[in-house]
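Hello,

Here is the structure I promised to pass on to you. My notes on it follow just below, so please read them with the model open.

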Amino acid sequence: MSGSPPSAPTGVPAPRDEDPTAAATADKRVLVIAVVVMLLLVSFGVVSGALFNPSACATIDPDPVAAGVAGGSDDLDRVLAATFPDTDQETLGAMAGALDSLSERLGPVTGVAEVTGATGLGVTERGIAAIGPVTSSLDPGGSEVLARVDVGDGQVVGSGDTLWSVAAVNELTGQVDAVTPLDPELEARTCVNTSLINSPLAFALDARDDQLLLLRINEDGGEPELELRDAVQGRVWGPMLDIGIAQPGLQGARLTGRLGPGSVVTGMRTSPGDEMPVVTAVERDTGATAWLLGRDDLDALLGGASLDDEMSQTATVWAVGEDRAIVSLAADPDDPAAAEVTFPTRLLALDLDGGELIWDAALGDGDAVGHVELDGDATWITTVADGDEVGFERFDANGEVTLGTGTGGVEGRTAVLDDGRVVTASDESIGLIEQRESFAVGSDLQARDVVAHDDAVTLLLDGPDGGTIAVTFGT
């Protein structure tokens, strides 16, 4: 009908006048609900983040665990039986006999301790540390376990008054997500989380004499630094490191570094055309650059004998002493050109005052360096050939081989005693080089590490049941 308002559609309520006060109340209610929901979401995010993404520091905190069985020479049989409970008496007797044979050459057994969970040895202010995911602190004679901790996902490294628990997330590159210094009682000091957003990534290079050496680098590969950390001071220094721009994991895998008494030396992969330093030395006290050796410098030092113009090579720093650094130069296995030519590994002894070449020597075809031990002006080189033979050679001050012996195995280490004798340890035998004679003992115990300390020597030995012992001989 004309003049009448249209009727509302069926099912839709007719519009009505709005109450301003009611609308304002509704808006406030919505805001309150939104704030509460936001707080709940934030709270849930924090809690779930703590539950599902725990701090890397929390994963490597040391937890005290029961000490392993330990004692002196009279307790040898008891410790062996406790460490290897599933081993038959005949094998246990053979193990004890092998250790008795070693004691005739190395000196009497002063201590034996069950240290299952350890993967290496370190000399500390308290005595010896059997270090690894489970770390034990031993007295100097090795007969008493002073402390024992489990660091969870961590790996303990270092020597001296302070050891370091590191959250190693990549063994190939050395990347670590957190580092915690451990005091002499193996209790945690202040942890540093190196995996935080906007924090440089960290790659562990070396740890000794209370300090930790790291490569710090941004996620985009920029601003690489060489960082020295101390348990008390924290970051001691961190100068920029000229290693070019590349993915951080590649840089971590390609860079090696070692701490010496007064110097820190790093080595880097080098490719044809690279202009970055290959070997860098800095002062340990200040981090100031002492000298650099680029590709052309090394080529000049070696008379063109060790740098291939078409192949990438890796300079690996093995040891830094009072006056020299030992560096190997080997073909980069990732370079396709390395598979087409025979390129022997070359050893370089570099003077720490200015980087001058003291001596260089070529290893045999197929030989790779496994471990280096400095002995004054001499150097003990452990080599591995074809994965089944370990060699031990002494290079004198001029780089001439004066002593040598070998054994089966895939890895080995040496320890120089105060009287000049050398203990050799491989996964197949334990030996002693005395003057120009060598002596070796094989058993079901496989040597993982060896260290000399205070007129004594300690061996870390793995057994057949997954157990591990540390045996100390008074020399």
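Glu-223 sits in the loop between β13 (211-217) and β14 (225-230); strands here are DSSP runs of E with at least two residues, helices are runs of H or I with at least four, and both are numbered from the N terminus. Although Glu-223 is not a glycine, its phi is positive, about 55°. With a relative accessibility of 52%, Glu-223 counts as exposed (exposed is over 50% relative accessible area, buried under 20%, partly exposed in between, with a 1.4 Å probe and protein chains only).

Before I go on, a word on where the values come from. The model is predicted, so local features need pLDDT of at least 70 and side-chain atom pairs count only at pLDDT 80 or more, while totals for chains, interfaces and linings use all residues. Residues are numbered from 1 along each chain as its sequence is written, and side-chain values use heavy atoms, with hydrogens and water left out.

Asp-455 is another non-glycine residue with a positive phi, here about 60°. You will find Asp-455 in the loop between β33 (446-453) and β34 (456-462), and at 53% relative accessibility it counts as exposed.

A positive phi also turns up in a hairpin. β31 and β32 form this hairpin with 2 residues between them, and Gln-435 in the turn has a positive phi of about 55°. The two strands, β31 (residues 430-434) and β32 (residues 437-441), pair in the antiparallel sense over 5 bridges (two strands pair if DSSP finds at least two bridges between them). Ile-433 has Ser-438 in β32 as its bridge partner.

Next, the sheets. Thr-266 stands opposite Thr-280 in β19.

Another open sheet has 5 strands, ordered β18-β21-β22-β23-β24 and paired antiparallel. Its edge strands are β18 (269-270) and β24 (357-362), each of which pairs on one side only. Strand β23 (residues 346-351) runs antiparallel to β24, and 5 bridges join them. Leu-347 stands opposite Ala-361 in β24.

What does the search of the whole structure find in the way of disulfides? There is 1 disulfide, a disulfide being a pair of cysteine sulfur atoms within 2.5 Å. Cys-57 and Cys-191 form it, with their sulfur atoms 2.1 Å apart. The torsion about their S-S bond is about -90°, so the disulfide is left-handed. This pair links distant parts of the chain, 134 residues apart: Cys-57 is in the loop between α1 (20-52) and β1 (63-64), and Cys-191 is in the loop between β10 (175-182) and β11 (192-193). Cys-57 counts as buried, at 14% relative accessibility.

Finally, the salt bridges. The count comes to 15, where a salt bridge is a side-chain nitrogen of Lys or Arg within 4 Å of a carboxyl oxygen of Asp or Glu. One of them joins Arg-269 and Asp-332 (2.2 Å, N to O). That pair also links distant parts of the chain, 63 residues apart, with Arg-269 in strand β18 and Asp-332 in the loop between β22 (324-331) and β23. Asp-332 is buried, with a relative accessible area of 5%. There is a network too: salt bridges that share partners join Arg-216, Glu-225, Glu-227, Arg-229 and Arg-235. Glu-227 and Arg-235 form a salt bridge with their closest N and O atoms 2.5 Å apart; Glu-227 counts as buried at 2% relative accessibility, whereas Arg-235 is partly exposed at 38%. Asp-206 and Arg-208 form a salt bridge as well, with a closest N and O distance of 3.0 Å. Here Asp-206 is buried, with a relative accessible area of 11%, and Arg-208 is partly exposed, at 32%.

Best wishes
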